[in-house]
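Hi,

Here is the structure I promised to send you. Have a look at it first, and then read my notes below.

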Amino acid sequence: MRWALVGASTIASQHMIRAIRAQAGGEVARVVSGSRDRAETYAREHGIPAFGTDLNEALADPVIDAVYISTTNEKHLLQALAAIAAGKHVLCEKPLAMTVPDAVAMVRAADEAGVTFATNHHLRCSGSHRAVRALIREGRLGKVLSVRVFHAVHLPENLQGWRINSAAEGGGVIPDITVHDADVVRFLLDEDPVSVVAQATSSGMGLGVEDSAMSVWAMPSGTMVMSHESFTHPFAGSGLEVHGTQGSIFARGVMTQKPVGEIELVDAAGRHAIPFAAHDLYITGVAEFEAAVRGEGQPAATGIDGVKSLAVAAAVREAAETGARVTINYGG
Ligand code: NDP
């Protein structure tokens with residue numbers, strides 16, 4: 001497929017250009033940036049043949065099959081709606097939008113236009129998360145009682161821009177990382193959180209937005225979830241634990257962009273190292289998106305998955321701001 005990048009972003013340069021080019025016939029044909037100079041430099045650095053600042057011109061290009069949107073979060077809505085209106089398939093970064101109703105509007109527009117619309121939640125593409133999900137579904141844990149998600153990292157210096165100081169562009173750890181954790185928990189447990197309580201703070205990086213959050217979620221099955229996200233923890237490591245009546249899973253170092261980490265299952269028979277596939281998360285995500293465009297299955301994370309992860313994150317922020325338990329509104 002031939003792709004246009006909307007956003008001359010870090011995530012595209014670090015992962016997505018490679019992921020698109022790894023597909024059979026995968027081409028990055030254009031890049032659109034808010035700045036002509038930046039578009040030109042980015043296109044040259046990455047060997048992209050066409051560049052510019054005019055989204056509509058890019059969308060009018062008949063060779064483009066799909067659009068990958070990785071601008072700052074407040075831009076996703078209008079760019080996605082324009083791409084959908086032009087009949088392009090869209091893979092959009094998380095959070096899909098600034099509000100749940102906006103994300104719902106994106107999904108509806110794509111449904112009406114008959115194009116594929118997906119969310120780039122990479123973690124559910126990883127061999128580690130898929131292995132944890134399989135253990136739960138096989139019943140190896142018995143009844144799942146609780147999940148703990150550890151996703152407190154240190155935001156690299158090159159990303160300490162809008163994420164830590166611009167609410168208007170969608171900054172803050174909740175729209176950045178809590179959305180991923182919401183998607184992971186939904187993926188692992190196959191159910192949607194009902195309500196949340198939360199606290200958030202700025203612990204040294206956030207200016208006008210939170211850089212750390214802790215929350216507790218209630219699931220329909222009664223499973224309890226606790227989730228911790230931060231930009232300010234250099235040595236905390238990441239991971240998740242799933243505890244059931246028959247066993248516990250300890251997955252260490254798995255909340256990451258790389259196919260790394262280790263998984264251990266502990267049950268009455270002892271401790272078992274769990275092997276998992278070490279494929280590239282982003283290549284897998286693009287492959288499943290392209291397959292969905294061809295009519296073969298669903299993207300790894302659909303538009304609805306993006307709406308739901310955003311709804312959980314929005315509830316966590318509201319709960320942290322108000323001190324109240326918030327029932328999650330998935331937007332109908
Ligand atoms: P960046 O800050 O790198 O890029 C966002 C925008 O900022 C770009 O579109 C670009 O604007 C501008 N920009 C980037 N670098 C520079 C620079 N050096 N000088 C001037 N402007 C610059 O953000 P990320 O790539 O980290 O994130 C982009 C989106 O992707 C967000 O929605 C984020 O949530 C998501 N994301 C998802 C990840 C995942 O694994 N799924 C991981 C990381 C991010 P312009 O296009 O106008 O040139």
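This is a predicted model: local features need pLDDT of at least 70, side-chain atom pairs count only at pLDDT 80 or more; totals for chains, interfaces and linings use all residues.

Let's begin with two strands: S1 (residues 2-6) and S2 (residues 27-32) run parallel and are joined by 5 bridges. To get from S1 to S2, the chain passes through helix H1 (residues 10-21), and this β-α-β crossover is right-handed.

The next strand along is S3 (residues 50-52), which pairs with S2 in the parallel sense over 3 bridges. Here Val31 has Phe51 in S3 as its bridge partner. Together with helix H2 (residues 36-46), S2 and S3 make a right-handed β-α-β unit.

Now for the ligand. It is surrounded by 21 residues, and the closest are Gly7, Ser9, Thr10, Ser33 and Gly34. What kinds of residues make up this shell? There are 14 polar, 4 charged and 3 nonpolar ones. The ligand lies between domain 1 (2-122) and domain 2 (123-283 + 310-327), because both give residues to the shell around it.

Leaving out residues up to four places away in sequence, His233 touches Ala152, Val153 and His154. His151 is 82 residues from His233 along the chain, yet their C-alpha atoms are separated by 9.3 Å.

Enjoy exploring!

Best wishes

Note on methods: Residues are numbered from 1 along each chain as its sequence is written. A residue is near a molecule or strand if its C-beta atom, placed from the backbone, lies within 6 Å of it. Ala, Val, Leu, Ile, Met, Phe, Trp, Tyr, Cys and Pro count as nonpolar, Asp, Glu, Lys and Arg as charged, and the others, Gly among them, as polar. Domain bounds come from an automatic or database domain assignment. Two strands pair if DSSP finds at least two bridges between them. Helices (H or I, at least four residues) and strands (E, at least two) are DSSP runs, numbered from the N terminus. A crossover is right-handed if, with the strands pointing away from the viewer, the path from the first strand over the helix to the second runs clockwise. Two residues are in contact if their C-beta atoms, placed from the backbone, lie within 7 Å.
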